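Have the sequence and the 3D view open while you read.

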Amino acid sequence: MKIELASSYGFCYGVKRAIDIAEKHQNSFTYGPLIHNKDEIKRLKEGFNIGLIEKIEDVENNNAIVIRTHGIPKNELAVLKKQENKIIDATCPYVTTPQNIVARMSKEGYSVVIFGDKKHPEIKGVVSYAENENHAFVVLDKKELDELPLKNKVALVSQTTKKPADFLQIVNALILTHKEVRVFNTICNATFENQDAASELAKRADVMIVIGGRHSSNSKMLHSISEQQCKKSYLIENETELDANWFKDKELCGISAGASTPDWIIQNVINKIQEINN
Ligand code: SF4
């Protein structure tokens with residue numbers, strides 16, 4: 001059986017950068033998981049003594065705190081600074097961009113619309129940068145726009161992982177109903193590159209293995225895209241979850257991995273599949 005990796009897979013630029021930053025700051029803490037991958041978080045703990053703090057009330061004074069790729073709300077950042085912690089900012093620059101736009105446009109008197117998921121950590125962070133949170137609104141569907149007390153001047157940004165076609169629906173609805181609409185395309189392409197590559201490979205593969213955290217929406221999406229093209233698609237976190245039966249009588253095994261999956265886990269999976277097939 002042949003094993004083929006998707007032409008684009010695994011860590012995106014923002015995640016690679018965050019891990020590099022964390023590795024350079026041994027004996028620090030991350031506030032919230034740095035990325036959605038528990039094996040990588042364990043490696044950072046064991047190899048670099050980088051701890052994890054889940055709640056703001058558990059942060060003690062004078063620590064070195066690494067801020068995760070998705071960013072954190074402005075008020076929480078202020079609390080960390082007040083406690084005289086050393087802040088090491090690993091927020092992805094593609095996430096800092098909408099944070100800055102929201103701050104600037106709300107200061108200039110625009111109502112701000114954020115296309116995204118209210119509960120997502122990135123969006124909780126982005127919305128917090130509005131000068132006046134009463135004029136900043138998070139929407140997932142264009143129908144929600146009708147209910148909002150928007151001014152005539154509206155600025156629009158998107159969660160980095162949203163689909164461009166869905167973003168356009170919000171753009172179109174706003175343009176038809178408001179005098180001035182400033183549109184900022186803050187979508188990041190990294191996710192789509194992995195998705196397109198997984199879909200292309202899954203069309204040809206007899207079995208697809210998608211490696212990623214079960215809590216990573218990005219990995220779950222890759223698995224679902226893969227499954228549309230190849231019924232025998234499996235989402236696993238690491239090599240211990242592989243089942244030898246999946247590979248019986250198969251000619252091509254495709255492999256893809258979520259944006260939070262490190263190369264060392266991907267390599268372990270490949271080694272184990274090769275072992276099963278020998
Ligand atoms: S997916 Fe894009 S926005 Fe998110 S961390 Fe990666 S590079 Fe940054």
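This is a predicted model: local features need pLDDT of at least 70, side-chain atom pairs count only at pLDDT 80 or more; totals for chains, interfaces and linings use all residues.

Let's begin with Glu76, which is partly exposed at a relative accessible area of 22%. On the scale used here, buried is under 20% relative accessible area, exposed is over 50%, and partly exposed is in between, with a 1.4 Å probe and protein chains only. Glu76 belongs to helix α3, residues 74-82.

Ile67 is in strand β4, residues 64-67, and it counts as buried at 2% relative accessibility.

Residues are numbered from 1 along each chain as its sequence is written, and side-chain values use heavy atoms, with hydrogens and water left out.

The protein has 278 residues, and buried ones make up 50% of them. Its C-alpha trace spans about 65 × 50 × 25 Å along the principal axes. The secondary structure comes to nine helices and twelve strands; these are DSSP runs numbered from the N terminus, with helices being H or I of at least four residues and strands E of at least two.

## Two asparagines with positive phi

As a rule, most residues other than glycine have a negative phi. Asn27 has a positive one, near 60°. You'll find Asn27 in the loop between α1 and β2 (29-31), where it is exposed at 52% relative accessibility.

Asn49 also has a positive phi, of about 50°. Its place is the loop between α2 and β3, and it is partly exposed, with a relative accessible area of 37%.

## No disulfides

How many disulfides are there, if a disulfide is a pair of cysteine sulfur atoms within 2.5 Å? The count comes to zero. Cys230 is in no disulfide, and the nearest cysteine sulfur to its own, that of Cys253, is 9.1 Å away. Cys253 is in no disulfide either, with the sulfur of Cys230 as its nearest. Cys230 is buried at a relative accessible area of 4%, and Cys253 is buried at 0%.

Cavities and pockets are found on a 1 Å grid over the protein atoms alone: a cavity is a set of points where a 1.4 Å probe fits but cannot get out, a pocket is an open set with protein on both sides within 12 Å along at least five of seven lines, and lining residues have an atom within 4 Å of a point. Grid points are joined across faces, edges and corners, and a volume is the space filled by probe spheres set on the points.

The largest pocket holds about 850 Å³ of space. Of its 39 lining residues, His70, Thr160, Thr161, Thr191 and Asn218 are the closest to its centre. Helices α1 (13-23), α4 (93-107), α7 (190-204) and α8 (217-229) each supply at least two lining residues, and α7 gives the largest share, with six. By class the lining has 15 nonpolar, 18 polar and six charged residues. Here Ala, Val, Leu, Ile, Met, Phe, Trp, Tyr, Cys and Pro count as nonpolar, Asp, Glu, Lys and Arg as charged, and the others, Gly among them, as polar.

The ligand sits in this largest pocket, meaning that more than half of its atoms lie within 2 Å of the pocket's grid points. Cys12, Gly14, Cys92, Tyr94, Thr160 and Cys188 surround the ligand, each with a heavy atom within 4 Å of it. That shell has four nonpolar, two polar and no charged residues.

## The other spaces

The second largest pocket has about 220 Å³ of space. Its lining includes Pro33, Leu34, His70 and Lys119, and divides into five nonpolar, two polar and three charged residues.

There is one cavity of 30 Å³ or more, with about 40 Å³ of space in the largest cavity. Thr30, Leu34, Ile41, Leu44, Ile50, Gly51 and Leu52 line it. Two or more of these residues come from each of α2 (38-48) and β3 (51-53).

How values were computed
A disulfide is a pair of cysteine sulfur atoms within 2.5 Å.
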